[in-house]
Amino acid sequence: MRASAARPRFRRMPHDHDHHHDNELDPMAARVKALETILTQKGLIDPAAIDAIVETYETKVGPRNGAKVVAKAWSDPAYAEWLKKDATAAIASLGFTGRQGEHMQSVFNTPDTHNLVVCTLCSCYPWSVLGLPPVWYKSPPYRSKAVIDPRGVLSEFGVSLPAETKIRVWDSTAELRYLVVPLRPKGTEGWSEERLAELVTRDSMIGTGLALEPQAA
Amino acid sequence: MNGPHDLGGQMGFGPVAPEKDEPYFHAEWEKRALGVTLTAGAMGQWTIDESRHARECLHPADYCSSSYYEIWIKALETLLKRHGFVSARDLAEGRAVDSAPQPKRVLKAENVPAVLAKGGPCDRPVDAPARFKVGDRVRTKNFHPTGHTRLPRYARDRNGVVEAVRDGFVFPDTNAHGKGENPQWVYAVVFSAAEIWGEGADPTLTVSIDAWESYLEPA
């Protein structure tokens with residue numbers, strides 16, 4: 001197995017070198033396989049449960065969940081109020097509950113304030129609405145920089161905010177999981193929730209992006 | 001602990017480098033790593049706080065040169081050994097050699113949807129009323145515990161304002177070490193960037209943390 005040269009994960013990976021292994025497993029692949037084998041042989045885990053977990057996060061739980069929440073909040077003022085006051089219940093009403101989304105908090109961007117979410121201590125992320133976090137969210141460059149230089153981080157994502165815009169960074173140090181509700185783009189009056197949801201990117205719900213403009217969707 | 005995981009404000013890690021159209025997994029083993037970690041956790045033999053602490057106890061050089069799934073697997077081996085489910089001999093041979101105790105639960109495939117949908121809520125009733133209210137000025141503790149804590153270094157010994165009273169939550173600093181849930185009130189506490197970073201701080205920036213009550217004193 002070969003580590004992709006394009007993979008932007010943290011540098012100096014023990015196995016980021018440029019040759020193929022034809023007759024052996026990658027050391028981490030071997031290590032994980034051994035662990036799974038040992039636990040399975042001891043009857044401690046069910047390998048089919050692993051398949052079911054992977055399938056859930058590959059096909060069922062992802063940022064389209066969060067996009068539906070945001071699109072509904074854009075369309076329905078009463079829902080937006082509920083989402084502000086009790087995000088866990090408001091999100092659960094759309095069927096999105098569970099692991100790493102047990103205690104949800106929504107934070108709404110305004111013309112004056114942009115919100116950005118990070119977990120400096122580990123990788124806390126609202127799985128129930130955004131799915132599994134991207135590698136960059138879990139890696140030292142983002143976790144170190146987001147709280148001290150969020151504008152520098154945003155520039156890496158191609159986001160440039162006016163100098164006077166306030167930036168609020170939410171460090172997820174406890175069990176609350178944050179969902180950013182980005183600003184609704186102009187020119188989307190009268191759009192259906194389904195159409196609006198297509199403008200809502202994963203990054204816009206972390207705060208490293210903005211919602212797409214109508215012409216870009 | 002002042003471990004390698006406590007990254008806020010550190011420098012020199014290079015660009016964030018977001019990957020366009022990033023896949024959920026970069027290798028097949030990452031899928032198994034996710035699943036093994038979750039199914040082993042579902043045995044109910046340790047808490048999420050203990051597992052976080054096992055990850056942050058990796059040697060700093062190891063932590064910083066490992067991908068997140070690598071960190072998970074290395075910590076999982078520690079947890080399994082600590083609780084007697086896997087031995088050094090098992091790992092050396094890559095197969096079950098030594099016997100293991102009966103776990104509290106074994107997660108079966110058919111129960112995965114329900115277990116994932118339920119999650120593991122950490123809110124708990126707290127007998128005492130909340131000590132602080134919205135708008136209170138507070139100062140975070142200056143401490144350097146050798147065990148687990150969720151008060152990042154950059155936010156210690158700082159003046160902030162209580163912005164929200166959240167709820168009662170399990171206290172990780174004790175729960176990670178098997179010393180009980182001891183639930184406390186949790187507060188959203190906001191700091192100006194100038195208070196945290198001092199000279200040259202971005203005047204438009206505020207940073208908030210979710211802080212357990214015992215991390216805070218009246219300012």
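This briefing covers the contact between chains A and B, the sheet that spans them, and selected elements of chain B. The model is predicted. In it, 76 residues of chain B are in contact with 78 residues of chain A. Seven strands from the two chains form an open sheet with mixed pairing.

**The side of chain B that touches chain A**

- Helices α1 (28-41), α2 (48-56), α4 (68-82), α5 (88-93) and α6 (112-118) of chain B each supply at least two residues of this side.
- Strands β2 (159-169) and β4 (205-212) of chain B also each supply at least two.
- The largest share, 10 residues, comes from α1(B).
- By residue class, this side divides into 42 nonpolar, 16 polar and 18 charged.

**Helix packing between the chains**

- The crossing is right-handed.
- From α2(A), the contact is made by A:Ala49, A:Ile50, A:Ile53 and A:Val54.
- From α1(B), the contributors are B:Lys31, B:Arg32, B:Leu34, B:Gly35, B:Val36, B:Leu38 and B:Thr39.
- The residues of this contact split into seven nonpolar, two polar and two charged.

- The edge strands are β2 (113-118) of chain A and β5 (216-218) of chain B, each pairing on one side only.
- Neighbouring strands are turned by 35° against each other on average, direction ignored.
- Within chain A, β2(A) and β3(A) run parallel and are joined by six bridges. Here A:Val118 stands opposite A:Asp171 of β3(A).
- The chains meet where β3(A), residues 166-171, pairs with β4(B). This pairing is parallel and covers five bridges.
- Across that pairing, A:Trp170 has B:Ser208 as its bridge partner, and A:Ile167 stands opposite B:Leu205.
- Within chain B, β2(B) pairs with β3(B), residues 184-192, in the antiparallel sense over seven bridges. B:Val161 has B:Val190 of β3(B) as its bridge partner.
- Strand β3(A) is mostly covered, with five of its six residues buried.

**Buried positions in chain B**

- Helix α2(B) is largely enclosed by the rest of the structure, because seven of its nine residues are buried.
- Those buried in α2(B) are B:Asp49, B:Glu50, B:Arg52, B:His53, B:Ala54, B:Arg55 and B:Glu56.
- The buried residues of α2(B) pack against α4 and α7 (172-175) of chain B.
- B:Asp210 lies in strand β4 of chain B.
- B:Asp210 has 24 C-beta neighbours inside 10 Å, so B:Asp210 counts as buried; the cut-off is 20 or more.
- Leaving aside neighbours within four places in sequence, B:Asp210 is in contact with residues of both chains. From chain A these are A:Thr173, A:Ala174 and A:Leu176. From chain B they are B:Arg166, B:Val186 and B:Ala188.
- B:Asp210 and B:Ala128 are 82 residues apart in sequence. Their C-alpha atoms are 19 Å apart in space.

Note on methods
Residues numbered from 1 in each chain as written. Chains lettered and ligands numbered in written order. Predicted model: local features only at pLDDT ≥ 70, side-chain atom pairs only at ≥ 80, totals over all residues. Contact = placed C-beta atoms within 7 Å. Helix = DSSP H or I, 4+ residues; strand = E, 2+ residues; numbered from the N terminus. Nonpolar A, V, L, I, M, F, W, Y, C, P; charged D, E, K, R; others polar. Pairing = 2+ DSSP bridges. Left-handed = near helix turned anticlockwise from the far one by under 90°. Buried ≥ 20, exposed ≤ 12 C-beta atoms within 10 Å, placed from the backbone. Axes fitted to C-alpha atoms, helices over the stretch in contact; angles between N-to-C directions.
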